[in-house]
Amino acid sequence: GIQVEQSPPDLILQEGANSTLRCNCSDSVNNLQWFHQNPWGQLINLFYIPSGTKQNGRLSATTVATERYSLLYISSSQTTDSGVYFCAVIPNSGYALNFGKGTSLLVTP
Amino acid sequence: ETGVTQTPRHLVMGMTNKKSLKCEQHLGHNAMYWYKQSAKKPLELMFVYSLEERVENNSVPSRFSPECPNSSHLFLHLHTLQPEDSALYLCASSQDVAGRGYEQYFGPGTRLTVT
């Protein structure tokens, strides 16, 4: 199946810092989504971004479909940004989102 | 209620019990999914339904039995589970089966512990 690799696996930031999370895919990045999983397990949709760039407040994402990767930018991080960030894609054949192992982010005051 | 809801949020059951997880989506979607998230493992798909028909079954043990009575509701019936089935079970929905380009939205999950 499609391989989704996320980096870095762990990240510690001081409040106010910026960060970039990366997602590499072994195959087409159709249907690429970014999620934030909060400490209670809820997966919160951040972006549906099969290509191009989108922004939502302090978060933005860019997907370069031809090179099969996506980047998630977090600016001016806050403690509430802590949690695990997942990238997920659906292969051309199939219905399941294939998730990466996630980036675990801790933002300290 | 908005979005995707799941009940119960937490469940502890013995290996001989029978229980059911419920998912309801209020988004007018046609496709619903069950995913499993175990400790230290990526989320994995269990079942997919499109317009109440199962379209994918990912080699899931028969002790997990899904039911989709209509496009808004999805159940996961559990019986004779094993301790290794303890996990977070997440329900999701999308406008149509996601292979055709639709964003999936997730419920809050049911955290299941099998004792």
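A salt bridge is defined here as a side-chain nitrogen of Lys or Arg within 4 Å of a carboxyl oxygen of Asp or Glu. The model is predicted: local features need pLDDT of at least 70 and side-chain atom pairs count only at pLDDT 80 or more, while totals for chains, interfaces and linings use all residues. Residues are numbered from 1 along each chain as its sequence is written, chains are lettered from A and ligands numbered from 1 in the order in which they are written, and side-chain values use heavy atoms, with hydrogens and water left out.

**View 1. The interface of chain B and chain A.** In this interface, 24 residues of chain B are in contact with 19 residues of chain A (contact: heavy atoms within 4.5 Å). The two chains bury about 1,700 Å² between them, 56% of it on carbon and sulfur atoms; buried area is the accessible area (1.4 Å probe) that two parts lose on being put together, summed over both. Leu43(B), Glu103(B) and Phe106(B) contribute 28% of the area that chain B buries against chain A, more than any other three residues.

**View 2. Polar features and composition of the interface.** Between chain B and chain A, the number of salt bridges is zero. Eight residue pairs (both at pLDDT 80 or more) are in polar contact across the interface, that is, a pair of N or O atoms within 3.5 Å, of which, within protein, one must be able to donate a hydrogen and the other to accept it, residues adjacent in sequence counting only if both atoms are side-chain atoms. On the side of chain B that touches chain A, two or more residues each come from strand 4 (31–37), strand 5 (44–50), strand 6 (53–57), strand 9 (87–94) and strand 10 (105–106) of chain B. Strands (E, at least two residues) are DSSP runs, numbered from the N terminus. The largest share, three residues, belongs to strand 4 of chain B. By type, this side comprises 15 nonpolar, five polar and four charged residues (Ala, Val, Leu, Ile, Met, Phe, Trp, Tyr, Cys and Pro count as nonpolar, Asp, Glu, Lys and Arg as charged, and the others, Gly among them, as polar).

**View 3. The four-stranded sheet of chain B.** This open sheet has the order 1-3-8-7 with antiparallel pairing, where two strands pair if DSSP finds at least two bridges between them. Strand 1 (4–7) and strand 7 (64–70) of chain B are the edge strands. Strand 7 and strand 8 (residues 73–79) of chain B pair over five bridges, and Phe64(B) stands opposite Leu78(B) in strand 8.
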